[in-house]
Protein chains: 4
Amino acid sequence: MSHIPLRIGMVGYGFMGRAHSNGYSQANHFFNLKYKPVLQAVAARNAEKARAFADQWGYQDIETDWRKLVERKDIDAIDICTPNNLHKEIALAAAANGKMILCEKPLSMNTAEGEEMCQAVEKAGVANTVWYNYRRIPAVTMAKQLIDEGKLGRIFHYRAMFLQDWTISEDVPQGGTATWRLDAQAAGSGVTGDLLAHCIDTAIWLNGSITGVTAMTETFVKERMHAETGKKQEVKIDDAAAFLARFQNGSLATFESTRYARGHKALYTLEINGEKASIKWDLHDLHRLSFFDHRDEGRLRGWKSIHVSDGDQPYMKNWWVPGLQIGYEHSFVHQVVDFLKSLETGQPCSPTFRDALETQKVCDAVLESAKSGAWVGIS
Amino acid sequence: MSHIPLRIGMVGYGFMGRAHSNGYSQANHFFNLKYKPVLQAVAARNAEKARAFADQWGYQDIETDWRKLVERKDIDAIDICTPNNLHKEIALAAAANGKMILCEKPLSMNTAEGEEMCQAVEKAGVANTVWYNYRRIPAVTMAKQLIDEGKLGRIFHYRAMFLQDWTISEDVPQGGTATWRLDAQAAGSGVTGDLLAHCIDTAIWLNGSITGVTAMTETFVKERMHAETGKKQEVKIDDAAAFLARFQNGSLATFESTRYARGHKALYTLEINGEKASIKWDLHDLHRLSFFDHRDEGRLRGWKSIHVSDGDQPYMKNWWVPGLQIGYEHSFVHQVVDFLKSLETGQPCSPTFRDALETQKVCDAVLESAKSGAWVGIS
Amino acid sequence: MSHIPLRIGMVGYGFMGRAHSNGYSQANHFFNLKYKPVLQAVAARNAEKARAFADQWGYQDIETDWRKLVERKDIDAIDICTPNNLHKEIALAAAANGKMILCEKPLSMNTAEGEEMCQAVEKAGVANTVWYNYRRIPAVTMAKQLIDEGKLGRIFHYRAMFLQDWTISEDVPQGGTATWRLDAQAAGSGVTGDLLAHCIDTAIWLNGSITGVTAMTETFVKERMHAETGKKQEVKIDDAAAFLARFQNGSLATFESTRYARGHKALYTLEINGEKASIKWDLHDLHRLSFFDHRDEGRLRGWKSIHVSDGDQPYMKNWWVPGLQIGYEHSFVHQVVDFLKSLETGQPCSPTFRDALETQKVCDAVLESAKSGAWVGIS
Amino acid sequence: MSHIPLRIGMVGYGFMGRAHSNGYSQANHFFNLKYKPVLQAVAARNAEKARAFADQWGYQDIETDWRKLVERKDIDAIDICTPNNLHKEIALAAAANGKMILCEKPLSMNTAEGEEMCQAVEKAGVANTVWYNYRRIPAVTMAKQLIDEGKLGRIFHYRAMFLQDWTISEDVPQGGTATWRLDAQAAGSGVTGDLLAHCIDTAIWLNGSITGVTAMTETFVKERMHAETGKKQEVKIDDAAAFLARFQNGSLATFESTRYARGHKALYTLEINGEKASIKWDLHDLHRLSFFDHRDEGRLRGWKSIHVSDGDQPYMKNWWVPGLQIGYEHSFVHQVVDFLKSLETGQPCSPTFRDALETQKVCDAVLESAKSGAWVGIS
C-alpha cells in the first residue's frame with residue numbers, strides 16, 4: 001500500500017517534541033491509514049541540539065530559525081512545541097503560509113491571543129488541532145462514548161484534579177529550557193495553563209460548557225533563581241489553583257491543581273457522577289476505567305475496574321491482546337492517527353483551535369476570579 | 001474490679017441512639033476503665049418504641065418526656081440523639097440540672113445557638129462532648145499522631161469529601177422520623193451540617209483553623225413530599241455543597257459533600273499533602289491509612305497502605321490481633337472510652353461543645369458564602 | 001419481648017473466649033431472636049484469670065475444673081475454647097451430660113478423634129456446631145449465595161491462601177498459654193490445623209468435596225524455646241504447608257498457608273473461577289467481595305469491588321447503613337445468631353461436628369501426603 | 001552519531017513478529033546505542049502476508065523460505081517468531097550459518113531439543129538470547145535489584161500465576177495460524193510451555209534453581225475443531241497446570257497457570273516473601289511494584305505501591321517523566337537495547353539459550369509429574 005506523505009516541520013525538540021515525533025513514527029506501524037507522516041525538518045535555535053534530535057528521530061533536515069521552516073515549500077504541517085509565549089507568532093506565520101498546524105497545549109497565553117490564532121487558521125482554511133492528548137487515552141475516550149450514549153443519565157457532579165510534587169524544593173529554578181514552566185513570561189501562568197488546562201479541556205468535552213467559576217491560587221515559594229539571569233527573582237506563576245464551577249447542564253464541579261502534592265507525580269484524576277452511573281479515571285493507571293452502574297442488581301452493585309485493553313475498546317484492537325496495557329505515549333499516537341484520518345475525511349480533528357479557545361476562556365476566568373475573589377461568568 | 005457507675009439518660013432511639021448505646025455496652029468489655037456506663041433510662045415520645053429500644057439494649061427504664069429525664073436524680077449524663085432542632089433546648093435543660101452532656105453532632109442549628117450551649121455547660125461546669133466520632137477511627141487518630149509529630153512538615157493542601165447517593169430518587173420524602181435530615185426545619189441545613197460538619201471537624205483537628213471560605217450549594221430536587229404533611233413541599237436544604245478554604249497555616253483546601261454521587265454510600269475521604277509526607281484516608285476502608293513518605297529511598301517511594309490493626313496503633317491493642325479489622329461502630333466505643341477516661345483525669349474529652357462551635361462557624365460561613373458568592377472570613 | 005434463655009458454660013478465656021463471649025453479648029442487640037444467651041459460668045484452671053474474665057464479660061460464676069462445668073444443671077450449652085488437645089475429652093463429657101456443644105475449630109487433633117466426637121453428639125442428640133466463623137462474614141455468605149444460584153456456572157478453579165508472618169523470629173517460643181499453637185502436643189499440627197482448616201472448611205462449603213491432594217510442608221525454624229520447660233526443643237509443627245487438590249466437581253485447586261509470609265498479618269484469600277463469573281475475597285478487607293461477570297457487556301467487563309454493607313446483603317440490614325463496614329468479630333455474632341435460630345427451627349447449625357469432620361479428613365491427607373510425597377485420596 | 005548496523009532477518013510475522021519489530025524500531029529513538037537494528041528481511045510462506053508485514057514495519061525485503069533467509073550474507077541476526085515446533089530447525093540452520101539468534105520463548109519443544117540448540121550456538125560462537133521479555137519490565141528488573149542487594153534477606157516463599165480466560169468457549173478451534181497454541185503438535189504443550197515458562201524463567205532468575213516439583217494438569221475441553229483439518233480432534237495440550245516446588249535456597253513455591261480463569265486476561269502475578277521484606281507484582285498493572293519492608297517503623301508498616309516511572313528506576317530515565325507509565329511493548333524494546341549493548345561489551349544477553357534450557361527442564365518435570373503423580377527432581 002502506498003501512502004500520501006504528510007511532511008512535518010517540527011518547532012522545538014523538548015519533551016513534547018519527542019512525544020509528537022514518536023506519534024508520527026508509530027502511527028502507521030499499528031494503524032492502516034492513507035496518509036503517512038514524513039519527518040521533514042526540525043527547527044531550533046541551537047543547531048547542535050536540533051541535529052542530535054533530527055538524528056534520533058529521523059528528521060531529514062534542520063533549521064535554526066522557525067521562520068524559515070514555516071516558509072519551506074516541502075512542508076505540509078507545522079508542529080508547535082515551543083514554550084507558550086511563541087505559540088501565537090508561529091501559528092500566525094504558519095497559517096499565513098498555508099500550513100496545517102498541530103499546536104501543543106495550551107493554545108495561547110490568553111484568550112485574546114487565542115482568538116487571533118483561531119481567526120488566522122480559519123481565514124487560511126488550514127487543518128488545525130491542539131495536543132490535548134488525554135482525550136485519546138482509550139479509557140477516557142470510552143468515558144466519552146458512555147456519556148454520549150446516555151449511560152450516566154443526568155449529570156450531577158464533575159471532579160478533576162491534576163496533582164504533582166516536583167517544585168516543592170526551593171532549589172528548583174525558574175526559566176530556561178528545563179524549567180520555563182515556572183517563568184510567567186514564557187508560560188503565561190503556572191498550573192492553570194499547564195495542568196488545569198488539561199482538566200478543563202476534558203471536562204468541556206465530556207460534560208459541556210462551564211458557565212462560571214470562583215477560584216483561589218497560591219504561590220508557595222515566593223522567589224526562585226532564574227536559570228537565565230542566575231538571579232533570585234519573584235515567582236509570578238501560580239503554584240497551586242483550585243476552583244468551583246457550574247456547568248450549563250446544571251452540574252457542579254470542583255477542580256484543583258498543584259505542584260505541591262507530595263506523593264503525586266502526575267496524578268490527573270477525574271470523576272463524573274450521573275443519575276444512573278458514575279465514572280472515575282486517573283492518569284497513574286491510565287489503562288483502567290472505573291465504572292459504577294446503578295442498573296446492576298442491588299446487592300451486586302459496586303465500582304468495576306475495567307482493564308481497557310480489549311479489541312472492543314477504543315483504539316485497542318490495533319495494539320496487542322487483552323490484558324496487555326499501553327502507556328502514556330500512545331495518546332499522542334492516537335492523536336496523529338485521528339489527525340491523519342481527518343485529512344481523509346475532511347472533518348476537523350478535535351480539539352481544533354476554536355475548541356481549545358473555550359479552555360483558554362475558563363483559564364482566564366480562573367486567574368481573574370483568584371484575584372478578585374468573586375465569581376466570574378464565562379460567555 | 002468494681003467500677004464507678006456512670007448512669008446514662010438517652011434522648012432518642014434512632015440510628016445514633018443505637019450507635020451510642022452500643023458504645024456504652026462495649027467499652028468495658030474491651031478496655032479497663034474505672035467508670036462503667038449504666039443504661040438508666042431512655043426518653044422518647046412514643047412509649048412503645050422507647051420500650052422496645054430499652055429492651056433491646058438493656059435500659060432499665062423509659063420516659064416519654066425528655067424534660068423528666070433531665071430532671072431525674074438517678075442520671076449522671078444526658079446523651080442527646082434527637083434531630084438538630086432540639087439540641088439546644090435539651091442541652092440547656094440538662095446543664096441547668098447539672099448533668100454531663102454527650103451531644104450528637106452537629107452541635108446546633110447555627111453558631112448563635114451553639115454559643116448559648118457552650119455558655120450553659122461552661123457555666124454549669126459539666127463534662128461535655130460532641131459525637132464527632134470519626135476522630136476516633138484508629139487510622140484517623142494515627143494521622144493526628146503523625147501530624148503532631150511533624151512527620152508531614154509544612155502543610156500545603158487539605159482535601160475532604162463526604163459523598164453519598166441516597167437522595168437521588170425524587171421519591172425520597174422529607175421530614176418525619178427517617179428522613180428528617182431533608183427537612184430544613186429539623187436539620188437546619190442539608191449536607192453542610194450533616195456531612196461537611198464531619199469533614200470540617202476533622203480538618204480543624206488535624207490542620208488548625210480555617211480563616212475563610214468561598215462556597216456553592218445546590219438543591220437538585222426542588223420539591224419532595226413531606227412525611228408528616230403528606231404534601232409536596234419545597235426542599236429548603238442543600239443537596240450538595242462545595243467550598244474552597246484557606247487555613248491559618250497557609251495551606252489551601254477543597255471540601256465537597258453531596259447526596260447525589262452515584263456509587264458512593266458514605267464515602268468520607270481526606271488527604272493532606274505536606275512538605276515531607278502525605279496522608280490519605282477514606283471511610284469505606286476505614287481500617288487503612290495511606291501514607292507517602294518522601295524520606296524513603298528515592299526509587300522505593302510510593303503510597304503505603306497501612307492496615308491499622310496492630311497493637312502499636314491507636315486503640316488496637318484492646319481489640320483482636322494484627323490483620324483483623326474493626327468497623328464503624330468502634331469509633332463510638334472509643335469515644336465512650338475516652339469520655340470515661342476524661343472523668344478519671346478531669347481533662348475535657350474533645351471535641352467539647354466549645355471545640356465543636358468552631359465547626360459550626362465554618363458551616364455558617366459556607367452557607368452564607370453560597371448565598372452571597374463572596375469569600376467569607378471566619379474569626 | 002421475653003426471651004428463652006440459653007445458658008452458656010464457657011471453657012477457656014483466651015482470644016477465642018473473648019470472640020465468642022462478644023458474640024453472645026451482641027447477638028440480641030442487633031437481631032430479633034427468640035433465644036437469648038445467658039453467660040452462666042466460665043471454667044479455667046487459673047481462678048484469678050477466670051474471675052477477671054467473668055467480670056469483664058459478665059459471666060455470673062466460675063469453675064476451675066471444666067468437668068464440674070459440664071455437669072452443672074444450670075447450663076444448656078458448653079462452648080469449648082481450649083487448645084485442640086482437649087476438644088475431644090470435653091466434648092465427650094458434655095455430650096454425655098446432654099449439653100449442646102459449640103466447639104472452636106479445628107474439631108479435633110485428627111480424624112479418629114473427630115469421628116468419636118461426631119458419634120458422641122449424634123448419640124446424645126445434642127445441638128452442635130464448630131466455629132468456622134469465616135462462613136459468616138457477609139461477603140463470604142454472599143459468595144455462597146451466588147454459587148448456589150448458579151451465577152458462576154461450571155467451576156474450573158479454586159484458590160485459597162492463609163498467610164501470616166508472626167513466627168519468623170526465632171525468639172518466638174513454643175507452648176504455654178500464648179504460643180500453644182506452635183507446640184505439636186497441644187495443637188496437633190501447625191498451619192494445617194490452624195489456618196488451612198479454615199480454607200478447607202470454606203472450600204468444601206462453597207465448592208463441594210475434595211477427592212485428593214498432594215502436599216508439601218516445611219518447618220523453617222527447627223528449634224524453639226518451650227514456654228513451659230524453658231528449654232530449646234525441636235519444633236514439630238508445620239510452619240508452612242501447600243497442596244494441590246482436585247474437587248469432585250472436576251475443578252482444580254491450590255491451597256497454601258504459612259506464618260512466614262512477611263507483610264501479611266492474617267491474609268486469608270480465596271478465589272473461584274467459573275465459566276460465567278468469578279469471585280475473590282480476602283480477610284484484610286473482609287467487607288468487600290470482588291466479582292467478575294462475563295455476562296456484562298463486553299467492553300464494560302471488569303472486576304467489581306462490592307462494598308458489602310447494604311441491607312440486601314447477608315446479615316447487613318441488622319447493622320448500620322450502607323457504606324458503614326463491620327469487622328472481624330461480627331462473624332462470631334452471626335454464628336451465635338444462626339445457632340439461636342437453629343434452636344427455633346430445630347435445624348442443625350452448620351458446620352456441625354459431622355460437617356467439620358470432612359475438613360479434618362483433608363487436613364490428615366495433607367499431612368500424610370507431605371510425608372509420603374504421593375497423592376492421597378479422600379473418601 | 002553514526003551507528004553500526006545490525007541487520008535483522010525475521011522469521012514469522014504474527015503477534016511476536018510485531019512485538020519484536022517494534023522493539024527494533026524504537027530502541028534507538030529512546031536509548032543512545034552504538035548499534036542500530038536494520039530491518040533487512042522477513043520470511044514467511046505466504047508472500048502476500050510477508051509483503052504486507054514488511055511494508056508496515058519497513059523491512060526492505062521478503063523471503064518465502066526461511067532457509068534462504070538464514071543463508072543470506074546481508075543478514076547478521078535471525079529472529080525466530082514461529083510456532084515452537086520450528087525453533088530447533090531454524091536455530092540450528094542459523095547457527096550453522098554463523099548468524100546471531102534471537103529466539104522467541106519457549107526455547108524448544110522439550111529439553112532434548114533445547115540441549116541441541118544450546119550446543120549449536122555455543123559451537124558456532126554466536127550471540128544468542130531468548131525473548132523472556134518480562135524480565136525487562138522495569139518493575140520486575142527492580143525486584144531483581146532489590147533481591148540481589150539483599151533487601152529481602154532469606155527467602156521463604158515464592159508464588160507465581162499466569163491466568164487467562166480466552167479458551168473457555170468450546171468454539172475456540174485448535175491449530176492454524178491464530179490458535180496453534182492449542183495444538184500439541186505445533187506448541188508441544190499448553191499453558192506449561194506458553195505461560196508457566198514465563199513464570200519459571202522469572203522465578204529462576206529472581207530466586208535461583210528449582211530442585212523438585214509435583215504437578216497436576218487438566219484439559220477441560222476434550223475435543224476442539226482443528227483449524228486446518230476442519231475436524232473435531234482430541235485436545236492434547238494442558239489447559240491448566242499447577243505445581244508445588246522447592247528451590248535450592250530452601251524456599252517453597254506454588255505455580256499455577258490456566259486459560260480458564262474467568263476475568264483474567266493475561267494476569268501474570270508473582271510474590272516473594274523474605275525475612276526482611278516482600279515483593280509483589282502483576283502484569284495487569286505492570287508499571288507498579290508492591291513492596292513491604294519490615295524495617296519500617298512498626299506502626300507505619302504496610303504494602304507500598306511504587307509507581308515505577310522515575311528516572312532512578314530501571315530503564316525509566318530514557319522514557320518520559322515521573323508519573324507517566326509505559327506499557328507491555330516496552331519490555332521488548334528493552335531486550336533489544338540490552339542485546340545491542342551486549343554486542344558492545346561482548347557479554348552475553350541473558351537469558352541465553354543455556355539459561356532458557358533451565359526453564360525447559362522444569363517444564364518437562366512438570367509434565368512428567370502431572371502424569372506420574374510423583375515428585376520429580378531437577379538436576
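**Close-up 1. The β11-β12 hairpin of chain D in this predicted model.** Here β11(D) and β12(D) make a hairpin, with 4 residues sitting between them. Look for Gly250(D) in the turn: its phi is positive, at about 90°. The two strands run antiparallel, and 7 bridges join β11(D) to β12(D), which spans residues 252-258. One pair to pick out is Ala242(D) with its bridge partner in β12(D), Glu256(D).

Close-up 2. As background, strands of a sheet pair through backbone hydrogen bonds, either parallel or antiparallel.

**Close-up 3. The open parallel sheet of chain A.** Now for a sheet with parallel pairing: 6 strands in the order β3-β2-β1-β4-β5-β6. Its edges are β3 (61-63) and β6 (128-130) of chain A, each pairing on one side only. From one strand to the next, the twist averages 25°. Zoom in on β1 (residues 4-11) and β4 (residues 77-80) of chain A, and you find 4 bridges between these parallel strands. Among the residues involved, Ile8(A) has Ala77(A) as its bridge partner in β4(A).

**Close-up 4. Ile101 in the largest nonpolar core.** That core takes in 517 residues, and the ones with the most contacts inside it are Ile101(A), Ile101(B), Ile101(C) and Ile101(D). What does Ile101(D) touch, leaving aside neighbours within four places in sequence? Its contacts include Ala77(D), Ile78(D) and Ile80(D), and also Ala91(D), Ala94(D) and Ala95(D). Val121(D), Val126(D) and Asn128(D) are in contact with Ile101(D) as well. More generally, in soluble globular proteins, nonpolar side chains tend to be buried together.

**Close-up 5. Lys304(D) and the axis relating chains D and B.** Which residue of chain D has its C-alpha nearest the axis? Lys304(D) does, at 1.9 Å from the axis. As for the interface, 100% of the interface residues of chain D are interface residues in chain B too, so the copies meet through the same surface.

How values were computed. Residues are numbered from 1 along each chain as its sequence is written. Chains are lettered from A and ligands numbered from 1 in the order in which they are written. This is a predicted model: local features need pLDDT of at least 70, side-chain atom pairs count only at pLDDT 80 or more; totals for chains, interfaces and linings use all residues. Two strands pair if DSSP finds at least two bridges between them. Axes are lines fitted to C-alpha atoms, for helices over the stretch in contact, and angles run from 0 to 180 degrees between N-to-C directions. Copies are superposed by least squares on the C-alpha atoms of residues with pLDDT of at least 70 in both. Two residues are in contact if their C-beta atoms, placed from the backbone, lie within 7 Å. A nonpolar core is a set of buried Ala, Val, Leu, Ile, Met, Phe, Trp, Tyr and Cys residues joined through C-beta atoms within 7 Å. A residue is buried if 20 or more other C-beta atoms lie within 10 Å of its own, exposed if 12 or fewer, and partly exposed in between; C-beta atoms are placed from the backbone.
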